[in-house]
Amino acid sequence: DGKALKNHWVQAVEQTSIEFGRTAGSIAIVIGLATIISMCLMESGAADKVVRRFIAFFGEKHAGVALLLSTYVLSVPIFFDTMFMLMVPLARALRLRTGKDYLLYVMAVCCGGVITHSMTVPHPGPLAMVENLKLDVGVSILAGIAVGLFPLAVGWFVCKWMNARMDIPMRETPGTTLAELRSIVDKPESELPSFFWSITPVVLPIFLISLSSFMVIGKGNDAFVKLLGGKEAFASTFAAVEFIGNKNVALLIGTLVSMFVLARQKGYNVAKICELIGPPLETSGTIILITAAGGAFGLMLRNAGVGEAIKAAASGHALSMIWLSYLVAVVIRVAQGSATVAMLTTSAMMYPIITGGGGLAYDPIYIYLAIGFGGFALSWMNDSGFWVVSKLGGLTEGETLKTWSVLLTVNSVVGVIATWLLSMIIPFPMGRPGP
């Protein structure tokens with residue numbers, strides 16, 4: 001008879017719970033596997049090996065650059081809080097060895113780790129954005145890593161500038177004693193896995209996901225199909241690559257490799273590895289619940305008409321969707337502190353806006369990048385990352401605001417400017433958000 005089967009309040013509760021479950025279902029496996037990979041990298045000494053090889057390549061004089069780049073690589077599958085806890089003892093150990101540049105080392109770790117946290121799958125924010133904006137996972141990873149190099153480079157000079165103007169001593173912090181720092185410095189390389197096996201769990205999943213995306217792009221190219229043996233041969237190859245390049249399967253393969261490296265290096269049996277997997281999965285459970293709650297929050301705002309209100313406010317103004325997406329993400333980030341929730345909520349609200357008109361003049365991956373860069377701007381006391389850096393880095397609240405908060409904001413602004421300029425230089429317009 002045209003009347004609703006359920007009242008408004010019941011529908012609101014049920015839709016919110018359904019979105020909570022949908023978000024959790026789309027991210028849970030990837031986040032769980034990523035936490036296992038990070039545990040294996042730390043426990044086996046693989047992460048330490050990667051950092052040492054970078055330092056050996058760049059030399060101890062350029063240890064800051066080595067920390068910056070090794071963190072950028074290692075943090076692709078490792079969440080920021082975990083990454084910082086892993087790298088800050090190495091930064092402190094380097095300070096003991098060189099006798100200077102403590103702030104430079106700590107900020108280099110922050111600069112390298114925070115960009116990938118907001119720009120690459122399997123981190124929960126980018127993962128949710130890919131789902132909300134209906135983008136290709138491989139393209140999002142490659143774009144995030146590539147465009148992230150711009151704020152990474154500028155961020156390095158900001159780190160050096162701050163280090164030259166602020167003399168912050170290395171203070172006592174919880175978690176690592178002076179003796180343990182010495183043991184990190186003096187640990188022989190023979191006790192660490194090889195560089196190949198250390199880096200494989202990080203780069204292999206990225207390669208498989210990117211290969212799948214490359215096959216999807218090449219699917220419509222007759223010359224490419226012919227190169228791989230024609231339609232039938234291409235179809236079978238495509239099916240196999242599409243399977244191993246699925247984000248869940250690729251991360252599973254990376255997880256198995258990381259567990260193999262750990263077992264081989266430490267001599268652990270399956271029971272011991274299963275015992276070690278428990279705590280990371282507990283951590284991932286918390287991340288999954290928070291991210292799923294962010295998904296429900298995004299749906300609530302979308303259904304409440306917040307997205308339409310933003311669209312109406314922006315109509316009649318020559319405001320780029322890239323800058324609109326960025327500003328919305330920044331506002332939500334500052335208001336509630338979580339970069340993940342800011343990215344998830346903004347992408348959920350922007351999707352109807354960018355699909356409701358005549359299409360974008362550039363690839364929707366630029367919307368993804370703009371939201372990601374907006375998600376980590378203006379970090380202050382309501383951000384958990386702020387306190388992780390402050391307490392584990394041995395910085396006062398004032399010092400953290402003058403260093404960490406400034407660095408992230410500069411990186412954010414440089415990132416969105418690079419995104420905006422690239423959207424005009426290399427637009428690749430599709431007119432729709434997703435392949």
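Ser 212 sits in helix α9, which covers residues 195–218. This is a predicted model, so everything here is computed from predicted coordinates. Is Ser 212 buried or exposed? With a relative accessible area of 10%, Ser 212 is buried, because the cut-off for that label is under 20%. Setting aside neighbours within four places in sequence, Ser 212 is in contact with Val 241, Glu 242 and Gly 245.

Now to Lys 247, which belongs to helix α12, residues 247–266. Lys 247 has a relative accessibility of 14%, so this lysine counts as buried too.

**How α7 packs**

Helix α7 runs from residue 137 to 165 and packs against α9. It also has a crossing with helix α19, residues 397–425. Here are the two pairs side by side.

| Helix pair | Angle | Axis separation |
|---|---|---|
| α7 and α9 | about 115 degrees | 7 Å apart |
| α7 and α19 | roughly 145 degrees | within 8 Å |

The handedness is worth checking on screen. α7 passes α9 in a left-handed crossing, while the crossing of α7 and α19 is right-handed.

For α7 and α19, the α7 side brings Val 147, Phe 150, Pro 151, Val 154, Gly 155, Val 158, Cys 159 and Met 162. The α19 residues they meet are Lys 402, Thr 403, Leu 407, Val 410, Asn 411, Val 414, Gly 415, Ala 418, Thr 419 and Leu 422. Sorted by class, the contact of α7 with α19 comes out as twelve nonpolar, five polar and one charged.

**The nonpolar cores**

The largest nonpolar core has 109 residues. Which of them have the most contacts inside it? They are Leu 67, Phe 84, Met 87, Met 107 and Trp 404. Helix α5, residues 102–119, supplies the largest share of this core, with 13 residues. There is also a second, separate core of seven residues, including Ile 36, Met 39, Ile 273 and Ile 277.

Met 107 is a handy one to click on. Not counting residues up to four places away in sequence, Met 107 touches Cys 159, Met 162, Val 389, Leu 395, Thr 403, Trp 404 and Leu 407. Among these, Cys 159 and Met 162 are on the α7 side of the contact with α19, and Thr 403 and Leu 407 are on the α19 side.

Thr 120 lies in the loop between α5 and α6, the latter being residues 124–133. Its relative accessibility is 0%, so Thr 120 counts as buried. The side chain of Thr 120 reaches the backbone oxygen of Thr 116 at 3.0 Å. Leaving out residues up to four places away in sequence, Thr 120 touches Val 76, Pro 126, Ile 141, Gly 144, Ile 145 and Tyr 368. The C-alpha atoms of Thr 120 and Gly 372 are separated by 9.1 Å, though the two residues are 252 apart along the chain.

Pro 122 is found in that α5–α6 loop as well. The peptide bond from Val 121 to Pro 122 is cis, with omega near 20 degrees.

**Loop residues with positive phi, and a glycine**

Asp 101 has a positive phi of about 60 degrees although it is not a glycine. Asp 101 is in the loop between α4 (80–98) and α5, and it is partly exposed at 24% relative accessible area. Leu 378, also not a glycine, has a positive phi of about 50 degrees. Its place is the loop between α17 (365–374) and α18 (384–393), and at 40% relative accessible area Leu 378 is partly exposed.

Gly 99 is found in the loop between α4 and α5 and counts as partly exposed at 45% relative accessibility. The C-alpha atoms of Gly 99 and Thr 16, 83 residues apart along the chain, are separated by 54 Å.

How values were computed:
Residues are numbered from 1 along each chain as its sequence is written. This is a predicted model: local features need pLDDT of at least 70, side-chain atom pairs count only at pLDDT 80 or more; totals for chains, interfaces and linings use all residues. Side-chain values use heavy atoms; hydrogens and water are left out. A nonpolar core is a set of buried Ala, Val, Leu, Ile, Met, Phe, Trp, Tyr and Cys residues joined through side-chain atoms within 4.5 Å. Buried means under 20% relative accessible area, exposed over 50%, partly exposed in between (1.4 Å probe, protein chains only). Helices (H or I, at least four residues) and strands (E, at least two) are DSSP runs, numbered from the N terminus. Contact means heavy atoms within 4.5 Å. A polar contact is a pair of N or O atoms within 3.5 Å; within protein, one must be able to donate a hydrogen and the other to accept it, and residues adjacent in sequence count only if both atoms are side-chain atoms. Axes are lines fitted to C-alpha atoms, for helices over the stretch in contact, and angles run from 0 to 180 degrees between N-to-C directions. A crossing is left-handed if the near helix is turned anticlockwise from the far one by less than a right angle, and right-handed if clockwise. Ala, Val, Leu, Ile, Met, Phe, Trp, Tyr, Cys and Pro count as nonpolar, Asp, Glu, Lys and Arg as charged, and the others, Gly among them, as polar.
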